[in-house]
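User: I would like to learn how to read a structure of this kind, step by step. Could we look at it together?

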Amino acid sequence: MILPIIGYGDPVLRKVGEEISKDYPNLKEVIANMYETMYNAYGVGLAAPQVGLAIRLFIVDSEPFSDSEDLTKEEAAQLKGFKKTFINAKILKEEGEEWGFNEGCLSIPEVREDVFRHEQITIEYFDEDFNKKTEVYDGLIARVIQHEYDHIEGILFTDRISSLKKRLISKKLQNIMEGKTRPDYKMKFVAKKGR
């Protein structure tokens, strides 16, 4: 089932997510609905707060990035095959140089800004079957994970840009809060019910 994506300004996007257990109600269904919602909106990641759930759950499928002509064959193959569910994730380390990349967010449609993040992360998490894992990622995969991880910490990519850039996009952010944006996917806005 495709769920409405929560728009910028909703308090759920600012909550630190609660850890969940494998007994979380309808967990498999929640995960399946999140994937369906993400694909419907042409996203590469989606966190539970973006569908109104303040829990430590996010999903990533970096395949859309694999079409870039700027990638080596190895990088493209890695991005094409990367699809994972992260439950109760904790980033243990962020390493390497910070590098900029133009990010967007399904909860903040029509806004894109350069965000600087570390190139490599070590993350501990449970997969959808509650197997505990500790893995190291770099490049675009690390970036997508960092972006989604921020969501379960109550952080948005717009928090990571300069105050000048925030002022420049403030009208766009206000329009999102008021539901004055029309993305090609279902959203729920602070000032309006549904779309």
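**Reading a helix and a core**

Analyst: Helix α1 is followed by Tyr 42, whose phi is positive, near 60°. This is a predicted model, in which local features need pLDDT of at least 70 and side-chain atom pairs count only at pLDDT 80 or more, while totals for chains, interfaces and linings use all residues. Residues are numbered from 1 along each chain as its sequence is written, and side-chain values use heavy atoms, with hydrogens and water left out.

User: What span does α1 reach from its first C-alpha to its last?

Analyst: Helices are DSSP runs of H or I with at least four residues, strands are runs of E with at least two, and both are numbered from the N terminus. The expected span of a helix is 1.5 Å times one less than its number of residues. With 14 residues, α1 reaches 20 Å, close to the 20 Å expected.

User: Which residues of α1 are buried?

Analyst: Buried means under 20% relative accessible area, exposed over 50%, and partly exposed in between, with a 1.4 Å probe and protein chains only. In α1 the buried residues include Leu 27, Val 30, Met 34 and Met 38. Contact means heavy atoms within 4.5 Å, and what covers these buried residues includes β1, β2, β3 and β4.

User: How many residues has the largest nonpolar core?

Analyst: In soluble globular proteins, nonpolar side chains tend to be buried together. A nonpolar core is a set of buried Ala, Val, Leu, Ile, Met, Phe, Trp, Tyr and Cys residues joined through side-chain atoms within 4.5 Å. The largest one here has 36 residues, and Met 34, Leu 46, Leu 57 and Ile 108 have the most contacts inside it. Its largest share, 6 residues, comes from α1.
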